[in-house]
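Take a look at the picture before going through the points below.

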Protein chains: 2
Amino acid sequence: MEIILARNAGFCFGVKRATQIAFEAASRQSTTGTYTLGPIIHSPQVVNRLEELGVKVLKDLSSIDSGTVIIRSHGVTEAEIAEAEEKQLDVVDATCPFVKKAQEYVKELSSQGYDVIVLGDYDHPEVQGIVSYAGGRVHVVASADDVLALPAMKRIGIVAQTTQALEHLQEVVTAALTKGAEVRVYNTICDATSVRQDEARALATTVDCMVVIGGYNSANTKRLAEICKEIQPHTYHVESAENLDGSWFHGIERVGVTAGASTPKWLIDGVVERIAELSKDKKD
Amino acid sequence: MEIILARNAGFCFGVKRATQIAFEAASRQSTTGTYTLGPIIHSPQVVNRLEELGVKVLKDLSSIDSGTVIIRSHGVTEAEIAEAEEKQLDVVDATCPFVKKAQEYVKELSSQGYDVIVLGDYDHPEVQGIVSYAGGRVHVVASADDVLALPAMKRIGIVAQTTQALEHLQEVVTAALTKGAEVRVYNTICDATSVRQDEARALATTVDCMVVIGGYNSANTKRLAEICKEIQPHTYHVESAENLDGSWFHGIERVGVTAGASTPKWLIDGVVERIAELSKDKKD
């Protein structure tokens, strides 16, 4: 059986950077404690490894008054940063630089009097962080229809959650042009998502089975799995090698493997090795 | 025979204003001469009336060193304004305020370092005027395809010729989002055009014949005639009552009449009266 790994499977730039920052902070072994505000990335396995090194995940800052707090890759709200600074915590910012840009643009647009539209998932921590930087009116939209339901505005500023599809942004901007005389768009979409999706699409068409690796809480991994499943019904979303089932590979000649942007290399390697073993078991 | 006149047939706000300004200037009878730089509006009949009052149409300012120069409704280039001021001419600005806005936005965007895209007809005097206000790179595009043929840019500023369709602007902006990380759009489209087109469309479906009145050099009138002809093949574009042909109205029960944004009321009244006469002649 042949196992083909997608070229850009796994960590994107921002996740790789955040993970490195977190492990470095963990290695410093602060005597006052090291924390992340929310999971550092959407990978339970990475979060577990950090916990083993003593890095605790906090839901909010209410329980601590000292220590090192690492800001997650998706960013946090402006109020949470302010709270951390007020408490004089040692803040280590692992926010993805692309997410940071989106936060800064929202702050700038808002301070210049724009009504701000954020294209994204309202419940996603990245969006909640971005939105918090608006000083004035801000609207989170998931589609062009959401924009059409907004009242008329004068000056509209638009940013997007970094993982959105460009076509969605284009539709939202098209709708916004019916709502205001000035529309100023910062395209904050990172191509890591589309690169992984395009590769997954191409790979899924050439294999008999697809394995997509990543946190079950990772939106981009879930989307990768959906995309593959549309093309190749034998698609399986796993978090690690433990989730693999030997029966999936009976009679399979080519397996494609890809992974979400928050999936570490060691998890991918583990899955690839285990698939090879399972295929060997079958032959024995 | 019933004659139905479209509610918003004829002069738009900017044309009405420019015509009033020109006739006022003509009535002052400057001893050093009164001129318009290009035709004041795209109506040969209005231009002729002004010429009868002594207002001459100039192609450029090379032939005069004194006098009153009226800036046409479509605007002129920044260099022409500068030349008029340098020659200490008495400048009377009849530029449509909506066109003026587009000129100002281009100047502002350009001074802030944006690559400027102007959606419009390259050869139209309005566009040539607007474009002249860019201090840096500026591209005139007629479609989204023209945008896709441009190189990648960092910051893109977009304005439109005031008579463009919103859908065209939306398509151009959608394309621009693939070309630059920031896209700032000033929707400079005036709804006078779409209001006249929507009314013409509605009227054309309810009549047996359409008469569209306006200068043969008027782009918006030509477009109105095209729109009507698609719905009602018996559509005729005339400049004045003299162009009407009695045979057009044989066996016709309902005639729709509309007029471009540069068509004066007296020309519309003349056409409506003449159609009524032709219909009467037929009955006699």
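Strand 9 of chain A and strand 9 (residues 182-186) of chain B are joined by five bridges and run antiparallel. Please keep in mind that this is a predicted model.

- Across the pair, A:Val185 stands opposite B:Val183 in strand 9 of chain B.
- A:Glu182 has B:Tyr186 opposite it, again in strand 9 of chain B.
- Within chain B, strand 9 also pairs with strand 8 (residues 155-160), this time in the parallel sense and over four bridges.

**Where the chains touch**

- The contact involves 13 residues of chain A and 13 residues of chain B.
- On the chain A side, the elements that give two or more residues are helix 7 (166-176) and strand 9 (182-186).
- By type, the residues on this side of chain A divide into eight nonpolar, three polar and two charged.

**How the two copies are related**

- Chain A is superposed on chain B by a rotation of 180 degrees with 0.1 Å of shift along its axis, and the RMSD is 0.0 Å.
- The two copies are thus related as by a two-fold rotation axis.
- Both copies use the same surface, since 100% of the contact residues of chain A recur in chain B.
- Which residue of chain A comes closest to the rotation axis? That is A:Arg184, with its C-alpha at 2.0 Å.

**Chain A as a whole**

- Chain A has ten helices and twelve strands.
- Its C-alpha trace spans about 70 × 55 × 25 Å along the principal axes.
- A compact globule of 284 residues would have a radius of gyration near 19 Å, and the 21 Å of chain A agrees with this.
- Of the 284 residues of chain A, 46% count as buried.
- Among contacts in chain A with a separation of 6 or more, 75% are between residues 24 or more positions apart.

**A loop residue in chain A**

- A:Leu53 lies in the loop between helix 2 (44-52) and strand 3 (55-58) of chain A.
- Is A:Leu53 buried or partly exposed? A:Leu53 is partly exposed, because 13 other C-beta atoms lie within 10 Å, and a residue needs 20 or more to count as buried.
- A:Leu53 and A:Ile117 are 64 residues apart in sequence, and their C-alpha atoms are 40 Å apart in space.

**Helix 9 of chain B**

- Helix 9 (residues 219-231) of chain B has 13 residues and reaches 19 Å from its first C-alpha to its last, close to the expected 18 Å.
- Its buried residues are B:Ala219, B:Asn220, B:Thr221, B:Leu224, B:Ala225, B:Ile227 and B:Cys228.
- What covers these buried residues includes helix 8 (191-204), strand 10 (209-213), strand 11 (235-238) and strand 12 (254-259) of chain B.

Key:
Residues are numbered from 1 along each chain as its sequence is written. Chains are lettered from A and ligands numbered from 1 in the order in which they are written. This is a predicted model: local features need pLDDT of at least 70, side-chain atom pairs count only at pLDDT 80 or more; totals for chains, interfaces and linings use all residues. Copies are superposed by least squares on the C-alpha atoms of residues with pLDDT of at least 70 in both. Two residues are in contact if their C-beta atoms, placed from the backbone, lie within 7 Å. The expected span of a helix is 1.5 Å times one less than its number of residues. A residue is buried if 20 or more other C-beta atoms lie within 10 Å of its own, exposed if 12 or fewer, and partly exposed in between; C-beta atoms are placed from the backbone. Ala, Val, Leu, Ile, Met, Phe, Trp, Tyr, Cys and Pro count as nonpolar, Asp, Glu, Lys and Arg as charged, and the others, Gly among them, as polar. Two strands pair if DSSP finds at least two bridges between them. The radius of gyration is taken over C-alpha atoms; the globule rule is 2.2 Å times the number of residues to the power 0.38.
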